[in-house]
Amino acid sequence: MEQRISLITLAVSDVGRSRDFYVSGLGWTPELEAPGVVMIRTGEHLLFSLWVADEFEEEVGPLSLIHI
């Protein structure tokens with residue numbers, strides 16, 4: 001079986017600012033945009049999404065923050 005990751009999601013405090021970094025800064029093209037979420041296809045089998053943190057928690061549960 002081929003193992004792969006098909007979805008990576010970042011919960012962010014400011015979707016617009018994060019979108020600007022990836023779209024305006026890196027030149028990536030959004031696949032889908034809706035209030036509070038931006039999804040960008042970054043490879044044949046990979047979708048990268050940015051979700052506003054509060055809405056992410058409503059959908060999947062509490063965030064565990066990692067501070068480095």
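Visitor: A salt bridge is a side-chain nitrogen of Lys or Arg within 4 Å of a carboxyl oxygen of Asp or Glu. Which residue forms one with E2?

Guide: E2 forms a salt bridge with R4, and the closest N and O atoms of the two are 3.8 Å apart. This is a predicted model, in which local features need pLDDT of at least 70 and side-chain atom pairs count only at pLDDT 80 or more, while totals for chains, interfaces and linings use all residues. Residues are numbered from 1 along each chain as its sequence is written, and side-chain values use heavy atoms, with hydrogens and water left out.

Visitor: Is E2 buried or exposed?

Guide: E2 counts as exposed because its relative accessibility is 59%; the terms are buried for under 20% relative accessible area, exposed for over 50% and partly exposed in between, with a 1.4 Å probe and protein chains only.

Visitor: How far apart are the closest N and O atoms of R19 and E33?

Guide: They are 2.7 Å apart. This pair links distant parts of the chain, as R19 is in helix α1 and E33 is in strand β2 (residues 30-34), 14 residues away. Helices (H or I, at least four residues) and strands (E, at least two) are DSSP runs, numbered from the N terminus. R19 is partly exposed because its relative accessible area is 23%, and E33 is partly exposed because its relative accessibility is 45%.

Visitor: And where do R41 and E31 sit?

Guide: R41 belongs to strand β3 (residues 37-43) and E31 to strand β2, so this pair also joins distant parts of the chain, 10 residues apart. The closest N and O atoms of R41 and E31 are 3.7 Å apart. R41 counts as partly exposed because its relative accessibility is 41%, and E31 does so because its value is 49%.

Visitor: Back to helix α1. Why does S18 count as buried?

Guide: S18 counts as buried because its relative accessibility is 17%. S18 lies in helix α1, which covers residues 15-25. Leaving aside residues up to four places away in sequence, S18 touches V12 and L50, where contact means heavy atoms within 4.5 Å.

Visitor: New topic: which elements does the protein have, and in what pattern?

Guide: The protein has two helices and four strands. Along the sequence they follow the pattern β-α-β-β-β-α. I8, for instance, is found in strand β1 (residues 7-12), and I8 is partly exposed because its relative accessible area is 35%.

Visitor: What are the spans of the C-alpha trace?

Guide: Along its principal axes the C-alpha trace spans about 35 × 30 × 25 Å. Of the 68 residues, 26% count as buried. Among contacts between residues at least 6 apart in sequence, 42% join residues at least 24 apart.

Visitor: How many positive and negative side chains are there?

Guide: The protein has 4 positive and 11 negative side chains, and the centres of the two sets lie 8 Å apart. Lys and Arg count as positive and Asp and Glu as negative, with His and the chain ends not counted; each charge is placed at NZ of Lys, CZ of Arg, CG of Asp or CD of Glu.
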